[in-house]
Amino acid sequence: MVEQRLAPLEVTREFVLTKCAYFTDVQVWPLYRKLHPEKWLSNFYGQELRFAVHLLNSFFYFNQILVDQLFVSAFQRLSMSMSEEHDTPHAIRSAWRQFCDTVLITRVTGEEPRDTDSGYHFLRMARQVLGIPEKRILSPQETLSELLTRGPRPVVFVDDFAGTGNQFIATWRRELFVDRSLVMSFERISRIVATEFFYCPIVATELAANKIKSNCPSVALSPAHFLPSQYSALSADSLIWPPQLRHRALDFLEKASARAGIHAERWKGFEGLGLTLAFEHGVPDATLPLFYWEENGWKPLIERR
């Protein structure tokens with residue numbers, strides 16, 4: 001028997017909460033102390049509830065097991081660039097082995113680098129999940145120094161999320177001291193040393209992909225998941241809302257955000273991306289604040305602490 005899928009207008013509160021409970025039962029979602037779907041829905045009244053149900057139905061949560069697997073997938077996709085059309089299986093395996101035996105792994109730093117940047121988490125995962133030796137897991141500064149002193153090596157930047165692409169572009173262009181007298185950036189070294197650069201976030205938006213392609217043409221982007229603009233709750237052709245609700249969705253989001261006490265410039269998420277996703281290790285700034293807000297008596301779906 002073919003399973004019948006619910007059309008968007010048939011998504012109900014009961015259906016969504018049942019789905020959330022199932023995700024918890026099979027441990028895709030954590031126990032209720034971290035995610036609170038029923039409490040979160042209690043924030044909404046009257047006609048708001050129809051919109052809130054669809055918003056909750058669209059929420060993506062990536063636990064650490066999923067993040068590990070997606071990280072491996074994003075990295076292994078790089079093997080597709082190691083071969084030509086007529087290469088033998090042996091040649092393809094040899095090229096991939098050579099890549100894995102020489103690659104340098106480094107992190108993406110924020111536009112203002114901080115110790116809490118997610119890149120540190122993914123450097124640890126490169127050792128624990130990918131099995132890359134620690135001596136080839138380096139800071140951006142160490143990576144630049146290694147390329148200058150030892151010559152071309154493939155470089156992979158690791159990260160969880162590319163929302164606007166701004167953080168990666170800042171990392172690519174940032175001038176760093178590689179010794180007391182020499183300042184270098186990845187952008188400059190890409191013109192000096194004939195090496196390959198790759199960026200492997202778990203998720204990349206269409207906006208980020210376009211900006212990175214335009215500003216960092218020497219970098220090959222390889223995300224595990226690519227999010228077109230339709231996955232934004234704010235998009236005119238958003239997949240989150242059924243057609244009958246789409247024209248009023250922005251009004252719902254703005255008014256509910258105001259009631260929660262979210263400042264006018266923040267309710268759309270960073271750079272107005274309006275996304276509906278979170279990772280076990282953190283919630284991106286581009287995600288709608290309605291999901292994690294805790295002021296004015298607002299009950300969060302997910303705790304951001």
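Arg191 counts as exposed, with a relative accessibility of 63%, where exposed means over 50% relative accessible area, buried under 20% and partly exposed in between, with a 1.4 Å probe and protein chains only. The model is predicted, so that local features need pLDDT of at least 70 and side-chain atom pairs count only at pLDDT 80 or more, while totals for chains, interfaces and linings use all residues. Residues are numbered from 1 along each chain as its sequence is written, and side-chain values use heavy atoms, leaving out hydrogens and water.

Arg191 pairs with Glu187 in a salt bridge, that is, a side-chain nitrogen of Lys or Arg within 4 Å of a carboxyl oxygen of Asp or Glu. Both residues lie in helix H9, four residues apart, about one turn of the helix; helices are DSSP runs of H or I with at least four residues, strands are runs of E with at least two, and both are numbered from the N terminus. Glu187 also forms a salt bridge with Arg173. Because Glu187 lies in helix H9 (residues 186-192) and Arg173 in helix H8 (residues 166-173), this pair ties together parts that are 14 residues apart in sequence.

A search of the whole structure finds nine salt bridges, including these:

| Salt bridge | Closest N and O atoms |
|---|---|
| Glu187 and Arg173 | 3.7 Å |
| Glu187 and Arg191 | 4.0 Å |

Asp285 and Arg304 both lie in the segment after strand S9 (277-279), so their pair ties together parts that are 19 residues apart in sequence. Asp285 is partly exposed at 46% relative accessibility, and Arg304 is partly exposed at 31%.
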